[in-house]
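Let's walk through this model together, starting at the ligand and moving on to where the chains meet.

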Amino acid sequence: MSFSDKIRTIYQEQLNAISEAGIFKKERFIHSRQAADIEVEYPEGAGLKKVINMCANNYLGLSSHPEVIQAAHEGLDSRGYGMSSVRFICGTQDIHRELEARMTEFLGTEDTILFPSCMDANAGVFEAILTDQDVMISDRLVHASIVDGIRLCSAMHDTFKHSNMDHLESKLQLHSDKRLKVVITDGVFSMDGDCAKLDEMVALCEKYDAMLFVDDSHSTGFIGKTGRGTHEKFGVLGKIDIITTTFGKALGGASGGCVSGRKEIVERCRQKARPYLFSNTIAPVVVSGVLKVLDILSGNTERRDKLERNSDYWRKGLTNAGFVLKEGDTPIVPVMLFNAKLSQDVSNDLYNEGIYAIGFFFPVVAKGQARIRTQISAGHEIHHLDKALEAFNKIGKKYDILGRSKQEIIEMYGL
Amino acid sequence: MSEEMKDIVLEYVIEEYLEDEDEEISYDTPLISGGIVDSFSMVSLKRFLENRYNISIPDDLATPEAFDTVTKITVLVDGFLK
Ligand SMILES: Cc1ncc(COP(=O)(O)O)c(C=O)c1O
């Protein structure tokens, strides 16, 4: 008997429970290219609606850039569509190695290894470099893909309170008997938009002879004066032992990721990391696109500068309107609503006003921390941001939350 | 079972796991099933107990159930001290 009624009932009950908890995720179908202006079908079957996208990771506005598309076309023509192989059998082209070298140069590290995604990089790296004699000490808010990588690794694991350096130091002392110690953090935290204190973390790692791991997925390409990432912003270029990042966000947004850092670590991954060894190579068309992105970014800093200006403008606009924001200075600007249903209602009303921004709530963020996470792009023009601010103002008034404190919003809507 | 040990464990849990805004907890507040300590972060508590009381708790006894309240933790540690 294959999919019996008993089996089906189990799954249906699980799915119903998700619906009843109000956290069933429905996808919205986009009929256009990824950009500031998109055309969306939502709910399914509805006519197309033109909206402004305020929730893409398209930080540099390169996802549909004509030069990137052109380079991808050329890569498709010269290197073909697929490789039908993992890297170590017959899946490594000259351009794969070229991209690894270019990322090494861009990030200021010793070597780089590509992965099918940054999720795969995070899932594979710890197991490849640590054993049960070692310890991993991670920030409590690291990305889910890092949590999975930690789970797959036999080394001991401990956590420290978010960005709390005293707590981290106490953990480094507690685990001083371990052979290898790795401190693990996101560069920019994806839900809150704050940065890890990498200067202090480097100092602590040096003091206690620990390695430092940074996932810079929400930074590579635009954080720091020339967009190298969080390590540039904090003046610690060359001092991060392991950086992971993605090509699926600012760097063109297609797919793929990498581990970049000390050459022995990279070589360990090439020999041992399971998602590298047992999953197909990145498609040549994607590699060609990312190479063009790096050309564009190495030429000048126009795009990251515009992104910074846009982000400032947006943050000031929302602050003046009277919203409660998470503090920070990155393009991730969370508008705090605290109550899960309120975040859903506000998101839906914004959509009706032509603004696409998604509400996040438990378990993606902690209970009572529901929010609309807005993300700014260099692809936004001031008129986009002004229109979005107008909509946020209107909806903020509707729910009477403008100028209200966290406490007041919680009193009105509950947690 | 010593009241002193209960207080030491409770104080550690508050210091280690609670954020400033969190509410107070008691000896019998469910820590792991109550979502205060995620099972992922439990290892620091285990290490703390081992160092402080000079014992070694085998992994198969360091279960989320055995670590769920301060009282239960104290019972577990007490067993090793005898
Ligand atoms: C911090 C962080 N790391 C890793 C990933 C995964 O990246 P990829 O899409 O390349 O698997 C994401 C994407 O959601 C992320 O936000």
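The paragraphs below take the ligand site and then the interface.

This is a predicted model, in which local features need pLDDT of at least 70 and side-chain atom pairs count only at pLDDT 80 or more, while totals for chains, interfaces and linings use all residues. Residues are numbered from 1 along each chain as its sequence is written, chains are lettered from A and ligands numbered from 1 in the order in which they are written, and side-chain values use heavy atoms, without hydrogens and water.

Around the ligand sit 13 residues (a heavy atom within 4 Å), with A:Cys118, A:Asp215, A:His218, A:Thr246 and A:Lys249 the closest. A polar side-chain atom of A:His218 comes to 2.7 Å from a ligand oxygen, and a polar backbone atom of A:Met119 is 2.9 Å from an oxygen of the ligand. For A:Lys249, a side-chain N or O atom lies 3.0 Å from a ligand oxygen. Taken alone, the ligand exposes 400 Å² (Shrake-Rupley method, 1.4 Å probe), and the protein buries 80% of that.

Now turn to the interface. Here 16 residues of chain A and 13 residues of chain B are in contact (heavy atoms within 4.5 Å). The area buried between chain A and chain B (accessible area lost on being put together, 1.4 Å probe, summed over both) is about 1200 Å², and carbon and sulfur atoms give 46% of it. Across this interface there are 3 salt bridges (a side-chain nitrogen of Lys or Arg within 4 Å of a carboxyl oxygen of Asp or Glu). A salt bridge joins the side chains of A:Lys171 and B:Glu16, at 2.5 Å from N to O.

How values were computed. A polar contact is a pair of N or O atoms within 3.5 Å; within protein, one must be able to donate a hydrogen and the other to accept it, and residues adjacent in sequence count only if both atoms are side-chain atoms. Buried area is the accessible area (1.4 Å probe) that two parts lose on being put together, summed over both.
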